[in-house]
Amino acid sequence: MQDDLLKVLLTEEEIQQRVAELGQEISRDYKGKDLVAICILKGAMHFMADLTRHIPIPLTIDFMAISSYGVGTKTSGVVRILQDLDASISHRHVLIVEDIVDTGLTLNYLIDNLESRRPASIKIATLLDKPARRAVNVTTDYNGFTIPDEFVVGYGLDYNELYRNLPYIGVLKPEVYK
Ligand code: PRP
């Protein structure tokens, strides 16, 4: 897999260090609040697992699987729910856990969808933010790293479902996806 990468963008150590910092920040902000952390599958799986282990306050976890209709490297903007939450989020404090905000279309849809379920609040934690490609205005509350407009894989992020198992984040060689 390493041969398919141009370079390592974020090492395992850098990711773990930043995720721990975000966990501490989130723990301070949600102390005494009824928190549900929602992992957006599949990309956020590693971030969710590591982040929640750095949040030593009571919380529940839930999962949503969503997918854009696009294939390959482009997001189409049309989002569909493949798997919905198990439990109600009504009157609860929701933390959406995402791996990356790219165009912002997925989050835009998600926020609208979850707001209609009347939570007490909604905030967003994303490991990566790629502002260069933003198509809609979305604000994240906890942001691990702001990254340039490069095709990144690893630590949950895929290309055609591969590379999610890398423990670090790398930039894919263009010839792999062109
Ligand atoms: C990725 C990522 C975000 C979304 C971000 O999901 O996990 O949910 O795209 O892109 P956007 O800001 O342009 O909407 P993807 O649909 O690739 O599914 P996956 O998490 O299962 O890989």
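**Figure 1. Ile100 in strand β5.** Ile100 lies in strand β5, where helices (H or I, at least four residues) and strands (E, at least two) are DSSP runs, numbered from the N terminus. The model is predicted: local features need pLDDT of at least 70, side-chain atom pairs count only at pLDDT 80 or more, and totals for chains, interfaces and linings use all residues. Residues are numbered from 1 along each chain as its sequence is written, and side-chain values use heavy atoms, with hydrogens and water left out. Ile100 counts as buried, at 18% relative accessibility; buried means under 20% relative accessible area, exposed over 50%, and partly exposed in between (1.4 Å probe, protein chains only). Which residues are in contact with Ile100, leaving aside its neighbours within four places in sequence? They are Thr126, Leu128, Lys130, Ile147, Val152 and Leu157, contact meaning heavy atoms within 4.5 Å. From C-alpha to C-alpha, Ile100 and Lys178 are 21 Å apart in space, and they are 78 residues apart in sequence.

**Figure 2. Ile40 in strand β2.** Strand β2 holds Ile40. At 2% relative accessibility, Ile40 counts as buried. When neighbours within four places in sequence are left aside, Ile40 is in contact with Met64, Ile66, Ile96, Val97, Glu98 and Leu110. A separation of 11 Å lies between the C-alpha atoms of Ile40 and Leu95, which are 55 residues apart along the chain.

**Figure 3. The crossing of helices α1 and α2.** Two packed helices are described by the angle between their axes and the distance between the axes. Here the axes of α1 (residues 12-30) and α2 (residues 45-52) cross at roughly 60° and come within 9 Å. Axes are lines fitted to C-alpha atoms, for helices over the stretch in contact, and angles run from 0 to 180 degrees between N-to-C directions. Helix α1 is therefore oblique to α2; angles under 35 degrees count as roughly parallel, over 145 as roughly antiparallel, 65 to 115 as roughly perpendicular and the rest as oblique. The crossing of α1 and α2 is right-handed. A crossing is left-handed if the near helix is turned anticlockwise from the far one by less than a right angle, and right-handed if clockwise.

**Figure 4. Residues at the contact of α1 with α2.** Helix α1 contributes Gln16, Val19, Leu22, Gly23 and Ile26, which meet Phe47, Asp50 and Leu51 in α2. By class, this contact has 5 nonpolar, 2 polar and 1 charged residues. In this classification, Ala, Val, Leu, Ile, Met, Phe, Trp, Tyr, Cys and Pro count as nonpolar, Asp, Glu, Lys and Arg as charged, and the others, Gly among them, as polar. The buried residues in α2 are Phe47, Met48, Asp50 and Leu51. These buried residues of α2 pack against α1, β2 (35-41), β3 (59-68), β5 (93-101) and β6 (121-129).

**Figure 5. An aromatic cluster of Phe151, Tyr159 and Tyr177.** Phe151, Tyr159 and Tyr177 form one aromatic cluster. Rings of Phe, Tyr and Trp (its six-membered ring) pair if their centres lie within 6.5 Å; planes under 30 degrees apart count as stacked, over 60 as edge-to-face and the rest as tilted. How many aromatic pairs does this rule give? The count comes to 3 aromatic pairs. Phe151 and Tyr177 form a tilted pair, 4.9 Å centre to centre with 35° between the planes. This pair links distant parts of the chain, 26 residues apart, with Phe151 in the loop between β7 (142-146) and β8 (152-153) and Tyr177 in helix α4 (residues 174-177). Phe151 is buried, with a relative accessible area of 15%, whereas Tyr177 counts as partly exposed at 25% relative accessibility. Tyr159 and Tyr177 form an edge-to-face pair, 6.3 Å centre to centre with 65° between the planes. Because Tyr159 lies in the loop between β8 and β9 (169-172) and Tyr177 in helix α4, the pair ties together parts that are 18 residues apart in sequence. Tyr159 is buried, with a relative accessible area of 12%.

Figure 6. A cis peptide bond, with omega about -5°, joins Leu41 and Lys42; Lys42 is found in the loop between β2 and α2. Arg118, in the loop between α3 (105-115) and β6, has phi near 60°, a positive value in a residue other than glycine. Tyr163, in the loop between β8 and β9, has phi near 80°, also a positive value in a residue other than glycine. Are Arg118 and Tyr163 buried or exposed? Arg118 is exposed, with a relative accessible area of 61%, whereas Tyr163 is buried, with a relative accessible area of 5%.
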